[in-house]
Amino acid sequence: LVNSLDDLKGRIEAWRMDMAERYRMAPASVLEEHLLVKIAYAAATSSSKMNKEALVAAGVRSNGIDELTAVLADWVNENAKTKDKSSSEEDAPSPCS
């Protein structure tokens, strides 16, 4: 779980760096650190995907918000597959019994 959250934070940071380079801005001007953490937490704990409106409501005011929603959706999809795989392994009968 911790590794997947670190991965999510890293992906958001990579998006922030890409946008900073694209728009020639400081990374913190693209997305402040406290918003980055807030978005990562919300994306990791939400039962639904983060959309553009939710990001704007959270305080994101940057160009490239559509790319950020794609980054978050990719992470959610990958982790949903991982969760499904691990839960099916837990439900499977043990070969030792």
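Visitor: Which exposed residues does α1 carry on the face turned away from its buried side?

Guide: The model under discussion is predicted. In α1, the buried residues are Ser4, Leu8, Ile12, Trp15, Arg16, Met19 and Ala20. Seen down the axis of α1, these residues fall within an arc of 165 degrees, so they line one face of the helix. The face turned away from that buried side carries the exposed residues Val2, Asn3 and Glu21.

Visitor: How many helices and how many strands does the chain contain?

Guide: From the N terminus on, the elements run α-α-α-α-α. The secondary structure therefore comes to zero strands and five helices.

Visitor: How far apart are the end C-alpha atoms of α1?

Guide: Helix α1 has 22 residues, which at 1.5 Å a residue should span 32 Å.

Visitor: Which exposed residues lie on the face of α3 turned away from its buried side?

Guide: Helix α3 has 13 residues and reaches 18 Å from its first C-alpha to its last, close to the 18 Å expected. Its buried residues are Leu35, Leu36, Ile39, Ala40 and Ala43. They cover an arc of only 135 degrees around the axis, which puts them on the same side of α3. The face turned away from this side carries the exposed residues His34 and Tyr41.

Visitor: Which residues does Ile12 touch, not counting residues up to four places away in sequence?

Guide: Ile12 is one of the buried residues of α1, and it is also among the core residues that touch the most other members. Leaving out residues up to four places away in sequence, Ile12 touches Leu31, Leu36, Ile39, Ala40, Leu68, Val71 and Leu72.

Visitor: Is Ser62 buried or exposed?

Guide: Ser62 is found in the loop between α4 and α5. Not counting residues up to four places away in sequence, Ser62 touches Trp15 and Val30. The cut-off for a buried residue is under 20% relative accessible area. Because its relative accessibility is 13%, Ser62 counts as buried.

Visitor: What phi does Arg24 take?

Guide: Arg24 is found in the loop between α1 and α2, and at 79% relative accessibility it counts as exposed. Although Arg24 is not a glycine, its phi is positive. Just after α1, Arg24 takes a phi of about 55 degrees.

Visitor: How far apart are the closest N and O atoms of the salt bridge between Asp7 and Arg11?

Guide: An α-helix has 3.6 residues a turn, so residues three or four places apart point the same way. Asp7 and Arg11 both lie in helix α1, four residues apart, about one turn of the helix. Asp7 is partly exposed, with a relative accessible area of 33%, and Arg11 is partly exposed at 22%. In their salt bridge, the distance between the closest N and O atoms is 3.0 Å.

Visitor: Which residues are linked with Arg16 in a network of salt bridges?

Guide: Arg16 forms a salt bridge with Glu33, the closest N and O atoms being 3.3 Å apart. The pair links distant parts of the chain, with Arg16 in helix α1 and Glu33 in helix α3, 17 residues apart. Arg16 counts as buried at 11% relative accessibility, whereas Glu33 is partly exposed at 35%. In the network, Arg16 is linked with Lys9, Glu13 and Glu33.

Visitor: With which residue does Arg22 form a salt bridge?

Guide: The structure holds six salt bridges. One of them, with its closest N and O atoms 3.0 Å apart, joins Arg22 to Glu67. This pair links distant parts of the chain, from Arg22 in helix α1 to a partner in helix α5, 45 residues apart. Arg22 is partly exposed at 46% relative accessibility, and its salt-bridge partner is Glu67.

Notes:
Residues are numbered from 1 along each chain as its sequence is written. This is a predicted model: local features need pLDDT of at least 70, side-chain atom pairs count only at pLDDT 80 or more; totals for chains, interfaces and linings use all residues. Side-chain values use heavy atoms; hydrogens and water are left out. Helices (H or I, at least four residues) and strands (E, at least two) are DSSP runs, numbered from the N terminus. Buried means under 20% relative accessible area, exposed over 50%, partly exposed in between (1.4 Å probe, protein chains only). Contact means heavy atoms within 4.5 Å. The expected span of a helix is 1.5 Å times one less than its number of residues. The arc is that of the directions from the helix axis to the C-beta atoms. A nonpolar core is a set of buried Ala, Val, Leu, Ile, Met, Phe, Trp, Tyr and Cys residues joined through side-chain atoms within 4.5 Å. A salt bridge is a side-chain nitrogen of Lys or Arg within 4 Å of a carboxyl oxygen of Asp or Glu.
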